[in-house]
Amino acid sequence: MTQAPSGPRLAAVSILVPDYDSAIRFYCGSLGFDLTEDIDQGDKRWVTVAPPGGGARIVLAQASTEAQKAAIGQQGGGRVWLFLHTDDFNRDYRRLQAAAVMFEETPRDEPYGRVAVWRDPFGNRWDLIGPSPTP
């Protein structure tokens, strides 16, 4: 029996969003993520989503101050800072296009795989990354 590795691991990242419900609609409806938690905490909610293939969860954090609201979509400082890996690039590229995801470029091949940059409705820049196509 193989024992799970011990030590720290990245469990979640937080994304500032304008409101919980529109973020849940996008991540769970359009992207097909799973809603893993939605807990009312009185003045806020603890909302997490996760891609169906596993990996770190995303904490959807509703911006509550003017500084937080100004940071929506700018958490990466204008750079791609979120990376969605797939085992079938073409399938998921077409699925995201059908869900009206805004791609900034056509897919390109890099040494690490096929990639295309896209934005979520809140302005966060993502890479969709899949295996390099076979010749």
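What follows is a working chat about a predicted model.

Me: What kind of model is this, and how are residues numbered?
Reply: This is a predicted model, where local features need pLDDT of at least 70, side-chain atom pairs count only at pLDDT 80 or more, and totals for chains, interfaces and linings use all residues. Residues are numbered from 1 along each chain as its sequence is written, and side-chain values use heavy atoms, with hydrogens and water left out.

Me: What is the secondary structure?
Reply: Three helices and nine strands. From the N terminus the order is β-α-β-β-β-α-β-α-β-β-β-β. Helices (H or I, at least four residues) and strands (E, at least two) are DSSP runs, numbered from the N terminus.

Me: How much of the chain is buried?
Reply: Of the 135 residues, 36% count as buried. Buried means under 20% relative accessible area, exposed over 50%, partly exposed in between (1.4 Å probe, protein chains only).

Me: Which residues are closest to its centre?
Reply: Phe 33, Pro 51, Gly 54, Phe 83 and Leu 84, out of 21 lining residues.

Me: Which element supplies the largest share of that lining?
Reply: Strand S5, with four residues. S5 (82-85), helix H3 (89-98) and strand S9 (125-130) each supply at least two.

Me: And how does the lining split by class?
Reply: 14 nonpolar, five polar and two charged. Ala, Val, Leu, Ile, Met, Phe, Trp, Tyr, Cys and Pro count as nonpolar, Asp, Glu, Lys and Arg as charged, and the others, Gly among them, as polar.

Me: What about the second largest pocket?
Reply: Its volume is about 210 Å³. S4 gives the most to the lining, four residues. Among the lining residues are Tyr 20, Trp 46 and Gln 68. The classes are five nonpolar, three polar and three charged.

Me: Now Asp 127. Is it buried or exposed?
Reply: Asp 127 is buried, yet has no salt bridge. A salt bridge is a side-chain nitrogen of Lys or Arg within 4 Å of a carboxyl oxygen of Asp or Glu. The nearest side chain of opposite charge, Arg 108, is 5.2 Å away. Here Lys and Arg count as positive and Asp and Glu as negative; His and the chain ends are not counted.

Me: What does Asp 127 touch?
Reply: Its contacts (heavy atoms within 4.5 Å) include Val 80, Phe 83, Tyr 112 and Trp 118, not counting residues up to four places away in sequence. Asp 127 is found in strand S9.

Me: How many salt bridges are there in the whole structure?
Reply: 12. One of them joins Arg 57 and Glu 37, at 2.7 Å, N to O. Arg 57 lies in S4 and Glu 37 in S2 (residues 34-40), so the pair ties together parts 20 residues apart in sequence.

Me: Which salt-bridge partner does Arg 125 have?
Reply: Glu 104, at 2.6 Å, N to O. Glu 104 is in the loop between S6 (102-103) and S7 (108-110), Arg 125 in S9, 21 residues apart. Arg 125 is buried at 18% relative accessible area, while Glu 104 is partly exposed at 35%.

Me: Which residues form a salt-bridge network?
Reply: Asp 87, Arg 91, Asp 92 and Arg 95, through shared partners.

Notes. 1 Å grid on protein atoms, 1.4 Å probe; cavity = no way out; pocket = protein on both sides within 12 Å on 5 of 7 lines; lining within 4 Å. Points joined across faces, edges and corners; volume = space filled by probe spheres on them.
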